[in-house]
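Open the model in your viewer and keep a selection panel at hand.

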Amino acid sequence: MKAWQKILIAAALATVIVIAGTIVYFDYFARRRLRISTTTSLYDTGLLDEIKSTYEATHNIDIHIISAGTGIALQQASAGDADIVLVHAPSQELTFLENGYGVCRKIIAYNYFTIVGPSADPARITGENATEALKKIFAYGREHSDQTIWVSRGDNSGTFSKETSLWTAAGYNQTEISSESWYATTGAGMANTLNVANQKGAYTLSDIGTYLSLYKPGTIQLKSIIAGGKSLLNVYSVMAVNPAKVSNVSFNDAIDFIKWLVSDTGQQVIDNYAVAEYSQHLFYGAVQALKNGSPQPDVSWIQSYAYFNDTECPAQWRDDHPELYS
Amino acid sequence: MAALVEIKNLSKSFGDRTVLDNIMLQIEEGEILALLGPNGSGKTTLLKILAFLEKPTSGEVTFQGVPVTAKNVERLRLQSAMVFQRTMMFSTSVYNNVAYGLRMRKLPKAVIKEEVSKALSLVKLEGFEQRPAKKLSGGEQQRVALARALVLKTKLLLLDEPTANLDPKNAAIVEDVIATANRDLKTTIVMATHNMFQAKTLPNRIALISDGVISEVGEPSEIFGELSKNLASFAAVDNTFVGTAETTEDGTTVVDIGNGVRIEATAHRSGEISVFISPQDIILSKSAVASSARNVFKGRITSILDSGSLVKLAVDVGQPFTVQITKRSFSEMGLNLGSEVYIAFKASGVQVV
Amino acid sequence: MNPIIDGIQKAFQLIFSGDPTFYGVVYRSLFFSGVATILAALWGTPIAMLIGLREFRGKTLVKNFFNTMIGMPTVALGLILYLVFSRAGPLGPLGLLYTPAAIMLGEAVLVTPLIISITANAIEAVDPEMMNLARTLGASESQTSIAILKEAMNGVILGNIAGFNRAIAELGVALLVGGGILGTTDVLTTDISLYTQRGDLGLAIAFGIILLLIVFGINLIIMLAKKARFLLTFGRSPQ
């Protein structure tokens with residue numbers, strides 16, 4: 001036998017060992033794993049790390065978190081590469097449910113997006129609501145077309161979904177204005193986009209968690225100019241991947257995890273996360289609020305923004321788990 | 001004597017270039033056979049076929065009566081070893097170089113150690129075991145190469161221009177080792193050479209080869225004794241000239257080799273003869289120096305060939321002479337193509353064949 | 001605080017911290033790229049030997065192909081491999097996506113062309129008569145190839161170091177097929193990306209410094225070993 005043939009056989013053998021070793025490790029030695037595909041804003045604030053360590057401490061399972069934009073997270077789940085999705089774009093979530101990929105949707109948290117910009121506020125948007133503010137930014141951008149006035153994620157994320165709907169509410173078509181010279185697209189994550197806006201002295205839309213995590217240590221100097229209000233509401237939901245549609249998913253573990261998330265323990269982790277560090281809430285637990293119908297107007301805003309047919313999950317997608325909705 | 005190797009109707013071509021043409025040759029057990037011929041005459045290819053490294057295009061080679069085939073070639077290679085003209089060392093120690101073939105033969109470690117040290121002492125390189133082979137001088141490397149082949153004690157040893165690039169001291173050691181190996185180990189040796197002097201002293205038989213054809217095979221006395229017309233056409237061999245000899249009044253012989261070049265020799269001969277002057281016997285200088293050398297000619301350098309530690313120069317003095325000097329002398333003398341130089345050699349250094 | 005100074009401080013704090021999470025990341029980086037390099041060497045060396053020792057039709061084309069593949073953007077390769085390893089992809093049933101095996105195989109694929117090119121060039125640079133030398137001394141065809149490979153050892157080592165450096169320093173493949181799952185598939189580069197994303201530039205720079213130190217350290221060790229002729233002249237006999 002020739003030398004190269006011997007080495008090739010060794011190569012094939014080594015490859016098989018690596019593959020088999022990994023499969024055997026995860027099947028027999030490692031703890032079961034639950035794969036969560038999530039949006040960057042939840043992951044990058046560190047909330048999911050906290051959830052992971054709290055959950056793993058009391059459950060015999062490893063949580064594997066893959067962070068991507070909402071669009072990619074949903075796509076990965078439909079390809080069978082995740083057991084659970086944690087996202088924040090109700091319209092995309094509805095499509096996901098309708099296509100049969102997701103079941104047992106629960107709204108677990110909410111907060112508000114914020115429009116941030118340079119402290120001088122050249123477009124004078126302070127005190128306006130979000131749609132009025134975008135109109136002013138648009139007008140200001142047209143006048144200063146040699147500068148970058150607005151920075152957009154442009155990456156199919158939940159934040160970008162929200163931005164698009166805000167422009168629509170203000171009377172513009174995001175696709176059309178995105179080609180104008182004052183409008184810049186990063187195609188990157190939230191922190192990168194905030195950094196770009198900070199360097200350019202431009203406005204952008206951000207989730208409050210990522211903004212604070214950069215603003216507090218002084219990495220960026222942009223001010224949160226508009227925060228709160230119905231149109232800036234940001235709602236996070238969890239969905240299990242439907243085992244009837246996608247094979248090889250850990251459905252029972254996913255349901256256990258969802259039950260824990262909506263339990264008082266899980267809700268407290270969300271609600272209290274980083275409050276001590278930032279002296280304000282990054283996330284609010286949604287479960288108790290929706291049950292009690294308070295605080296208002298937040299609850300009614302959530303219901304009109306993120307409910308489908310007056311419920312967080314219509315009956316046909318509850319998959320024999322009515323206890324989640326009692 | 002029985003034939004160790006028998007070559008019948010052997011031809012070899014590379015593409016449409018015929019290198020060997022219908023060769024018939026027997027190599028007797030225990031002999032030293034010299035393949036004498038100019039560069040490019042097919043000597044190396046013939047040696048490679050004898051080493052079972054090249055496959056003939058047509059014809060048959062039998063080794064101890066067994067025809068060489070694709071199937072037995074790897075096994076037959078264990079019976080022959082070749083030393084190449086261009087010295088190649090493995091990038092490791094001298095010991096590992098010499099031990100290589102023994103390891104291939106899966107001999108025990110202790111045996112290998114003993115054999116290597118014997119082989120190294122044969123080529124006068126005792127104590128060189130741990131030296132990095134590639135750091136040795138050209139002559140030492142060639143001796144390691146010889147030891148590396150000899151240590152295998154193969155039936156057949158093939159040497160391609162074993163002394164071509166060596167200075168006289170190393171060349172003498174190598175020639176001595178070749179003779180010893182043949183005498184003591186009964187190794188059959190085929191060596192390619194274009195050095196007339198070497199061909200005259202070492203081998204039992206000589207095969208003249210030119211343009212891929214063997215024209216004459218015989219004992220040195222036969223080949224050199226009478227003036228062979230084949231040998232006369234071997235002018236391409238370094239410093240071999242054909243001329244007319246005349247005995248002078250003071251007892252020496254003057255050979256007119258044409259173009260106004262007259263060489264003084266000590267041998268008493270007259271008529272048509274061939275003469276040969278070993279390149280090592282020629283002294284090169286930039287000006288005419290007074291010396292006992294009877295032959296001094298002025299000429300120009302027409303080519304410079306770098307071969308390891310030595311530099312081979314072609315000097316045109318009316319007839320082309322080949323001169324070997326060390327690289328160091330070459331650079332110290334500041335020689336260039338076209339430089340005017342003098343060559344000098346003693347009358348006793350002229351070999352008449 | 002200036003993130004660079006902060007980063008240097010954090011780098012040294014981490015190195016001496018004894019923090020198992022941090023050492024886990026370093027260990028995974030070394031282990032994944034190490035296995036990937038070994039795999040790539042095993043896949044690539046026979047191919048390099050065929051390219052270096054044989055003449056065949058389309059040889060230039062094959063060489064050009066591998067030379068071009070060296071410049072493959074890691075993200076592009078990561079994406080292709082993601083589609084291959086995904087549950088819905090051809091290798092989906094193995095369930096390798098977001099596991100260490102995916103990173104090791106992915107990085108092996110990434111560095112294979114680099115190792116092939118450098119190794120094949122080194123083999124081609126060896127005097128072709130060396131093969132005849134080994135043969136006449138009694139080597140079989142397989143032993144002959146190995147003798148040539150040993151003569152090319154400098155280039156082979158260089159190719160494998162270059163492969164390791166590329167594997168340990170790349171992000172695209174590790175992120176796309178490994179997913180950067182903390183404690184399982186995160187490596188130095190994915191953590192640099194993660195902490196940059198999270199705005200913790202100091203920690204990101206710290207990881208960057210540590211990555212540089214590792215690459216530098218490994219190259220230094222190899223260089224010293226070479227200088228001592230430990231690997232080359234006296235390391236082992238050619239057989």
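How many residues does the contact take from chain C, and how many from chain B? It takes 20 residues from chain C and 24 residues from chain B, two residues being in contact if their C-beta atoms, placed from the backbone, lie within 7 Å.

Before selecting, note that this is a predicted model, in which local features need pLDDT of at least 70 and side-chain atom pairs count only at pLDDT 80 or more, while totals for chains, interfaces and linings use all residues. Residues are numbered from 1 along each chain as its sequence is written, and chains are lettered from A and ligands numbered from 1 in the order in which they are written.

**Chain C against chain B.** Select α6 (129–136) and α7 of chain C, the elements that give two or more residues to the side touching chain B. Helices (H or I, at least four residues) and strands (E, at least two) are DSSP runs, numbered from the N terminus. α6(C) gives the largest share of this side, 6 residues. By residue class, this side of chain C has 8 nonpolar, 8 polar and 4 charged residues. Ala, Val, Leu, Ile, Met, Phe, Trp, Tyr, Cys and Pro count as nonpolar, Asp, Glu, Lys and Arg as charged, and the others, Gly among them, as polar.

**Chain C against chain A.** Here 34 residues of chain C are in contact with 32 residues of chain A. Select α2 (20–53), α5 (100–125) and α7 (141–151) of chain C, each of which gives two or more residues to the side that touches chain A. The largest share, 9 residues, is from α2(C). This side of chain C divides into 20 nonpolar, 11 polar and 3 charged residues.

**The sheet in chain B.** Next, show the open sheet of 6 strands in chain B, ordered β6-β7-β8-β3-β9-β10 with mixed pairing; two strands pair if DSSP finds at least two bridges between them. Zoom in on β3 (residues 32–36) and β8 (residues 188–193) of chain B, which run parallel and are joined by 5 bridges. B:I32 has B:I189 as its bridge partner in β8(B).

**The domains of chain A.** Finally, colour domain 1 (7–111 + 234–325) and domain 2 (113–232) of chain A separately; the bounds come from an automatic or database domain assignment. The C-alpha centres of these two domains of chain A lie 28 Å apart. Their contact takes 19 residues from domain 1 and 19 residues from domain 2 of chain A.
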